[in-house]
Structure formats: structure tokens, C-alpha cells
Amino acid sequence: MKIGLPRALLYYRYGQLWQRFLTSLGAEVIISPKTDEAILNKGLACVSSEVCLPIKIVAGHLIELKDKVDAIFFPRLEYLRDGLYACPKMIGVVDVARMLLADQVQILSPTIRGNFVRAHIRAGLEICPNPFRVFKAWHQSSRSLVRRTTNQELETKAGKVAGVVGVISHFYNLGDEFISAAIIKTFIENGYQILTKEDLPAPVLLDRQGFAQNIRWVYERELFSAFEFLLGRVDGFCMVVSMGCGPDSLVAEFIRERAQAESVPFLLLVIDEHTGTAGLVTRVEAFIELLNRRKRSSASRCRAA
Amino acid sequence: MRVGIPYFGYDTIALKGFIRELGAELVMPPPTSRRTIEIGVKLAPELVCMPFKITLGNFIEALERGADTLLMAAGARKCRFGYYHYLQERALRAVKSDFRLVPVTQYSAYEFIFKLMPALFAVPPARVLRAVYHLLIKSALTRDLRRLLNRSRAVNFSQAEGLKESALRLIDEARTAAEMRRARLELNRLFARNGKEPAVRVGLVGEIYFTIDQAANQEIEKELARLGAEVLFERCLYNHLRHLLHSDFGYLRSRRLARTYLRACPGGEAIRTVGEAIWFVRQGVDGIVHLFPFTCMPENIAIEALQRLTESSGVPVLSLSFDEHTSNTGLVTRIEAFVELLRRRKNARRLSRD
């Protein structure tokens, strides 16, 4: 059985796990190619024009996969433990996928409602009826869950470079080179180390202190907690938001206000399918110039004192 | 205490009655206008959805009129709506400091009746209970008014439009249950059917604020009625209150019907939008009008389902997204074209039947 994994959205967090899990169940896993113009255009043609870029991209990947596989593995994350929800579009896109493709290809979409493991075991049983094999496959593959770097590693990593920038964005934006490669590359080329929420230890992201506990979207809470954690540890923040992302439109505002109050440089980049790389790079370069200038002036102030 | 609330279509009257019954002085902002929206847009984050901006504008104008306590509904979990009040409070503080914004959490009737309202208005829970009872009756009245109005406007526009103001006053002035009963009889008498049938019937679905607030949706019901289309709707304050009291059977029906397309609730009103659209199609409407604010997350998922519904049932759907740049002229042109399409389809079907 050939099972397809769309290289978008949750793939960027759980992809490795899914790949191992499905392979050890005896399926042949086909991952859609990296996002490019053609895939995006396929997606644009079949979903509403108002949804955010990641959703358009995932639609493209689904279309890309449909003729190559027997089934598409596309789990629906509704909420994780603590009743932390995924965003409405992420919940709904699975239904959109079914509406688009249900008559052409089978869609395996276990629904994660609080219990991550149970949903996967159920989906596993659909592929392979032998429960022992499913449990064994899960046991082996779940060890490959993304291991995050620890605090100490962060400190040393940060120590080596001239400046550090916190890039605050969802993993499916940062993981997708089509969306964010230009931004990240510009920072690195200019000698800046970047830290994203994926580099932070898990307990930090699930922090319930302060305002973060009011945020009921799981990945938004991670963004906000990551921002709070990095505040004071980095020289500036760059937030990448896709146009039409509902939760981000609010959380970006919370973060912007906080950064302003602490007078930390903050750059908000809103991207969509029409955003040109050149424009983004120019804005990032201007931001880097600002950071450099702040550094120089604070250094000269230190010397004067 | 001088309480200000945002506008909520015809149902504002019911909410006004509720606040008054709890013994607070009510300071209504001026009706939502171009200025309201401009103020809201200026103070709100750029990418946030439209209801945020309009209600923010309402609040600013209420503060200008001397309100000191603002009530804002809160508490949706997956939708941005649940987070409005954090940002609105910050935006308002930038303008004025001596006020408080009270988020009214919706999802616990017990907390609302026995804790939140008694603490806020310093009244015993029994009085809140009575006020909620009257709120229910009154919101049912405003719903009936809207139904009657939509129907009679579609057949005799100017006459029904002339009766609107007096009918609204009638509901506004009813204070006791008995008076409300009399008001209902009076309404039925005012808008008595005269045997004429509207040219086409249209089902209105979509996001709750935009389907209910006539200023936000630029009086789309009125414009449709002017063209001879009767607007059927399910979304109104009454049904929403019933939903909060766990007795809205329409929602169960919507959920059952929408299952063909949506298996999990993406939050907001997507399930209702789809379920009601299917229900309207089964009722034999000629078309569906779908309203939502620009970038509304749940409704964008609903669009996909509505498109499939069109493909399978053949009933046309007009999806309209609203933001601060939506011009009335453009809107009216689209509605006109849509109603014209519906009329032709209906006539063609009648001809082929004969």
C-alpha cells in the first residue's frame, strides 16, 4: 500500500514520526516534493482565495499526491491535552481535503482529540489489522519525536555569534523553504544567529505563566511563550505571519505591544502568495541595519561610561 | 453606572431592555455609521476581522457619550472572537482611561445569572433570572419582527418599510411579559399577509454578527427585499440564547445535516452555516446568500462546503466577504445580478414544468 504524506502543516513537526510509523506498518511512504510555484498554483485553484498561505500550499500538496498513492495520511489535530485547540482552518482543512479528493483517493485522517497516541493507534489499525504490530510500530517510531535542544545548548549556541534574532513564526511557515528560506538566509548571511520556537525546550513552550494562559490555541500559546522566554535573551524579533492567519493577527498584536513596551526591535512580516522575495530581503536587511546600529551605539555608550 | 453596549441589529432592542431591567443607566452609541467604522479601523490591528473594528468604533462613540462601563460578549474558544476584549480594552485605554470593559463570558448560564450579572449590577439573581426571561421573549419578538418585515418588504417594500419604525418602538416599549404578548399580536396585525407571494426566496447564512447586524452587512436584507426577494434566516439572538441555554434544536439539526461535509467543528459558526444552508435548500429556497467578515477562519472552511452543496443541489450560493473597503454600490450590483439570476432560473423551471 502506498501512503502519501503532504509536506505541509503538521508534517513539519510530526513528519519524521509519521514516516517511521507508516513504514514500520509495512506501507510505502511517499512524501510530496518540496513546495514550489507549481504546487502552490494547484492549491490556489481549488481553495477559497481568503485562506492563509499554508492552507493553500497544503491543498497543492494534496492534489500533487492524489494520483501517486492509494491513501493520504492527513491527521486532524482538533485539540491537545489541556483543551488547547488548533486553529479553525487547520481543523477544517481535513474536511476540505475530503471534499476535494474523497472520490479519488482514500484519506486517512485520525482525529486527535486530546489523546495523541490513541488517534495514531486507531489509524494504524486501519492500515494493518494486527494490533501487536501496530503497537510495536508506534513504540519504535514514537522515540523519534523531535528532540528539542536543552537550555545549556542554547546558551553556547548563542555565545558564538555577534547577534541573535528570535524568529517568531509557526513551524509550518519556517519549515517550508518556499515561505521563509529568503528571510532566514538573509539573517544568517549577515552574521545573525536565529532562534525559533522549535529550538526551545518543551517546558518553555507550554509555560502557563502570565498572559499565555489566556491563549487557547496551542501553537499560538507556543509562539507567545517562546517570545516571553526569548525576551531579553535576543537582540530583536522578527515575526513571520501569513496574510489571513486569524490567530496570528491577534497574537502578533499582543507581541508587538509587549516588544514596544520593552523597547526591543520588532519586525512584522506579512506574507502571501504574491510576496516577492526581493521586498522581504530588503525589509530584513533594513532591520539588520537597525540592530547593528543599536549595537554600535550601546557599545559606544558603554565605552563612554 | 452608565453602561454602553455595541449594536447588534434589531436584537439591540432586546439587549437594551435587558440592561434597563437590571437598573443600569444605558448609554447607547449613535447608530453605526461610516465614522464608527473609520474610528474602529484606525485603532484596531490591521489584520483583525471586521466585527472587532465595528464594535470597537461603537465603544469609542459610547465613551464619547459618557458611558463608563462597556459590556462585550466573550468566550468563544476556537474563534478570534473570544480574544476581542483583551485587545479592545488596550485599544480603548489609549484613548480614554476611566472606564471598564466587562467581558461577558457566554458559555456558563449559571455563572452569568448567579455570579457575573449580580456582581456587576448589584441586583439579586432572581431579578437577573426575570430579566433573562424577558430577554428571551423580547429577542423572540425581534426575530418575529425581522421575519414579518422581510416577508412583507418583499411584496410591498415602501409600506412595510414605513411600518418598521413604529413596530420597533412597539417592541422597545413593551416591559412586561403581558405587554410583549400584546406587542406580538399587534405585530401580526401590522404585517398581515395580503395574499401576494414574493418573487424569489433567499436563505441567509453566515457569521453571526454579519447576518444579524444590519449596519455591518449594509442592510443587505433591505436591498434584497427591494429586489423582491424574501430573506429567510435562522441566525438571531433568540436562537443564540437558546444555544447558550442548551436548548437550540436547530443546532442539532444543523450538525446532523452538515456532517456530509464537515465532520469536526472548526469553531465559530461553520457548522451552522453549512447545516442551515442545507436546511434552506431542503425548504426549497431559490438561492443562498452567505455573509462573513474578510479572513473569517471558520466561514472560509464553510465556503468549500457550500460550493459542494451548489454542485450537488444546483442551488446558487453568493458568498460575500465584508471588510472596511466594501462599497455599497458594488454590493448592490452583485445582489442585483444574483437576484436576476434566481428569477430567471425560477421562470425557466416554471416554463419547463408547464
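**View 1. Strands E4 and E7 of chain A run in the parallel sense.** Strand E4 (residues 76–80) of chain A and E7(A) pair over three bridges; strands here are DSSP runs of at least two residues, numbered from the N terminus, and two of them pair if DSSP finds at least two bridges between them. Look for Arg76(A), whose bridge partner in E7(A) is Thr111(A).

This is a predicted model, where local features need pLDDT of at least 70 and side-chain atom pairs count only at 80 or more, while totals for chains, interfaces and linings use all residues. Residues are numbered from 1 along each chain as its sequence is written, and chains are lettered from A and ligands numbered from 1 in the order in which they are written.

**View 2. Zooming out shows an open sheet of three strands in chain A.** The order is E5-E4-E7, with mixed pairing. Strand E5 (84–85) and strand E7 (111–113) each have a single partner strand, so one side of each is left without a neighbour in the sheet.

**View 3. Here chain B meets chain A.** On chain B, 30 residues are in contact with 25 residues of chain A (C-beta atoms, placed from the backbone, within 7 Å). Helix H4 (84–93) and helix H14 (297–313) of chain B each supply at least two residues to that side; helices are DSSP runs (H or I) of at least four residues. H14(B) gives the most, with eight residues.

Notes. Contact = placed C-beta atoms within 7 Å.
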